[in-house]
Amino acid sequence: MTLVGPELKIGDQAPDFSALDNGLQPVTLAATGNGVRIFSVIPSLDTPVCDAQTKRFNEEAGKLPSVNIYTFSMDLPFAQKRWCGAFGVDHVKMVSDHRDGSFGSAYGTLIKELRIHSRAIFVVDKDNVIRHVEYVKEVGNHPDYEAALAVAKSLSA
């Protein structure tokens with residue numbers, strides 16, 4: 001599989017992107033605010049690991065009011081909204097990259113052949129510097145939740 005875009009590293013500036021929230025409003029890096037953010041990237045909400053990953057971060061978001069958590073996928077905004085409603089997911093902000101893959105191309109998560117994202121986690125600080133990166137090698141594996149959350153907690157303390 002071919003990943004489109006750069007492999008970002010700790011210390012890199014977080015790239016800008018253009019995607020949509022589940023109300024069809026534009027989402028860019030600037031629109032995510034200037035606090036600590038976790039960008040959770042998944043292939044599709046309709047798979048078991050992605051479902052679990054998003055629910056886990058939704059649970060953690062309720063405990064971390066000073067950290068904004070975003071889930072990025074190629075799922076349509078309508079599907080994201082339906083899924084969130086079905087499972088009571090209300091703390092994580094959903095972002096659809098379906099239109100042009102801008103996020104995936106900027107963050108190196110877009111799988112060219114399938115036009116879905118690979119699994120990844122990015123923690124971005126208030127200055128838009130990446131402080132944690134994990135590109136999960138096997139799409140069926142879970143990311144290291146604890147590592148990402150530890151970095152986010154340390155930055156928001």
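**Salt bridges and cores**

A: Start with the side chains of Arg56 and Glu146, which meet in a salt bridge at 2.4 Å, N to O. A salt bridge here is a side-chain nitrogen of Lys or Arg within 4 Å of a carboxyl oxygen of Asp or Glu. Arg56 sits in helix H1 and Glu146 in helix H4, so this pair ties together parts that are 90 residues apart in sequence.

Q: What are the ground rules for the model and its labels?
A: The model is predicted: local features need pLDDT of at least 70, side-chain atom pairs count only at pLDDT 80 or more, and totals for chains, interfaces and linings use all residues. Residues are numbered from 1 along each chain as its sequence is written, and side-chain values use heavy atoms, with hydrogens and water left out. Helices (H or I, at least four residues) and strands (E, at least two) are DSSP runs, numbered from the N terminus.

Q: Which other residue does Arg56 pair with in a salt bridge?
A: Glu60, at 3.0 Å, N to O. Glu60 is buried, with a relative accessible area of 7%.

Q: Which residues are linked in the network?
A: Arg56, Glu59, Glu60, Lys63 and Glu146 are linked by salt bridges.

Q: How many salt bridges does a search of the whole structure find?
A: Seven. One of them joins Lys126 and Asp127, with the closest N and O atoms 3.3 Å apart. Lys126 is exposed at 53%, while Asp127 is partly exposed at 46%.

Q: Back to H1. What span should its 16 residues have?
A: Helix H1 covers residues 48–63 and should span 22 Å at 1.5 Å a residue. The expected span is 1.5 Å times one less than the number of residues. The end C-alpha atoms are 23 Å apart, which agrees.

Q: Which H1 residues are buried?
A: Val49, Cys50, Asp51, Gln53, Thr54, Phe57, Asn58, Glu60 and Ala61. Their cover includes strands S4 (36–41), S5, S6 (93–96) and S9 (120–124), plus helices H2 and H4 (145–156).

Q: Which residues have the most contacts inside the largest nonpolar core?
A: Ile38, Phe57, Val67 and Ile69, in a core of 21 residues. S4, H1, S5, H2, S9 and H4 each give two or more residues to this core. H4 gives the most, with four. A nonpolar core is a set of buried Ala, Val, Leu, Ile, Met, Phe, Trp, Tyr and Cys residues joined through side-chain atoms within 4.5 Å.

Q: What does Val67 touch?
A: Val36, Ile38, Ala152 and Ser156, not counting residues up to four places away in sequence. Contact means heavy atoms within 4.5 Å.

Q: Where is Leu76 found?
A: Leu76 is in the loop between strand S5 (67–73) and helix H2 (77–87). At 44% relative accessibility, Leu76 counts as partly exposed.

Terms used:
Buried means under 20% relative accessible area, exposed over 50%, partly exposed in between (1.4 Å probe, protein chains only).
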